[in-house]
Amino acid sequence: MDHRALDQAERINSHSSPVLQFYGGSVSPEMQAPKLLWVKENLQKTWSMVYRWMDLGNWLTYRATGDETRSLSHMEQWRESNPRGMEPYGTDEVFWAEIGLGDLYEGSQAKIGHSVVFPGHPLGSGLTPTSAKELGLLPGTPVGTSLIDAHAGGVGVMESVPEAESKADLSDEEAICRRMVLVCGTSTCHMAVSKNKLFIPGVWGPFWSAMIPEYWLTEGGQSATGALLDYIVENHAAAPLLANHAASQSVSIFELLNKILLSMAHEQNIPFLSALSQDTHVLPDFHGNR
């Protein structure tokens, strides 16, 4: 939901780079490139002191193993002629230079590592003695390349299908290309995979092997969903009273709200909770809709 890099995103999009076709035609201020450019332009002292920029998942695996190898992120594009070779897409470094971030990839001083592998690839020699002690595990315990939260959820859900569909005359490879996964949290991410590249205006991707190895990922969604529920609850006139009641019962406000919903459903003889809102409609015109 961090949109402070809006100006940087607009300037990046004005270059009309071929790389942008992999982002539905334009990057969002939520993405890595505009955020990095914002830091470079607004926090110059911090920028000059940085040794390496990492996505959170890659930082955690580095802490665990000492291996800086990265997972395939949104900002990695691959040559169409040799996708399994893990070579950077032809215009990628030109793109970074065009937008003012060429120093991220400059030789031995690069601030973003060049080594990239498929999701789940084992890293280094597993847990280092130090990280194993911190985690209460054995040194050498295997550690796989990370996935960001929504992509990890996508892998978990992609194989979860109704029994009727599981009996359909489709191979597993075909079947997972006919599904869409929604992973809900602060935001909501809609994801689908395909064996072929699909370029869709306004939809992120296709990203090679970003979620499932050797499949192209396309994704979209809402920047704020669960966060909007927090906003509504916290800014409601009854919020202080709700918080006091929850505290008096030593439960969270969400537990208390769930109890209230169950009670309402029981009083109205409604068979399932979501039916409580069958006549309630909310216009989704909040900041953050893409």
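**A close look at Thr65**

Which backbone oxygen lies 2.8 Å from a polar atom of the side chain of Thr65?

Analyst: That's the backbone oxygen of Thr61, 2.8 Å from a polar atom of the Thr65 side chain. The Thr65 side chain also has a polar atom 3.1 Å from the backbone nitrogen of Asp67. Both pairs are polar contacts, meaning N or O atoms within 3.5 Å, where within protein one must be able to donate a hydrogen and the other to accept it, and residues adjacent in sequence count only if both atoms are side-chain atoms.

Before going on: this is a predicted model, where local features need pLDDT of at least 70 and side-chain atom pairs count only at pLDDT 80 or more, while totals for chains, interfaces and linings use all residues. Residues are numbered from 1 along each chain as its sequence is written, and side-chain values use heavy atoms, leaving out hydrogens and water.

Now, where does Thr65 sit? You'll find Thr65 in helix H4, which covers residues 56-65 (helices are DSSP runs of H or I, at least four residues, and strands are runs of E, at least two, numbered from the N terminus). Thr65 counts as buried because its relative accessibility is 10%; buried means under 20% relative accessible area, exposed over 50%, and partly exposed in between, using a 1.4 Å probe and protein chains only. Setting aside neighbours within four places in sequence, Thr65 is in contact with Leu123, Gly126, Thr128 and Val143, where contact means heavy atoms within 4.5 Å.

Let's zoom out. The protein chain has twelve helices and four strands, and 38% of its 290 residues are buried. Of the contacts between residues at least 6 apart in sequence, 59% join residues at least 24 apart.

Pro206 is another buried residue, with a relative accessible area of 0%. Pro206 belongs to strand E3, residues 204-208. Although Pro206 and Trp216 are ten residues apart in sequence, their C-alpha atoms are 5.4 Å apart in space.

Finally, have a look at a helix pair. Helix H11 (residues 239-248) packs against helix H12 (residues 253-267) at about 95°, with the axes 9 Å apart; axes are lines fitted to C-alpha atoms, for helices over the stretch in contact, and angles run from 0 to 180 degrees between N-to-C directions. H11 and H12 are therefore roughly perpendicular, a label for angles of 65 to 115 degrees. H11 brings Leu242, Ala243, His245 and Ala246 to the contact, and H12 brings Ile253, Leu256 and Leu257.

Notes: Parallel < 35°, antiparallel > 145°, perpendicular 65-115°, else oblique.
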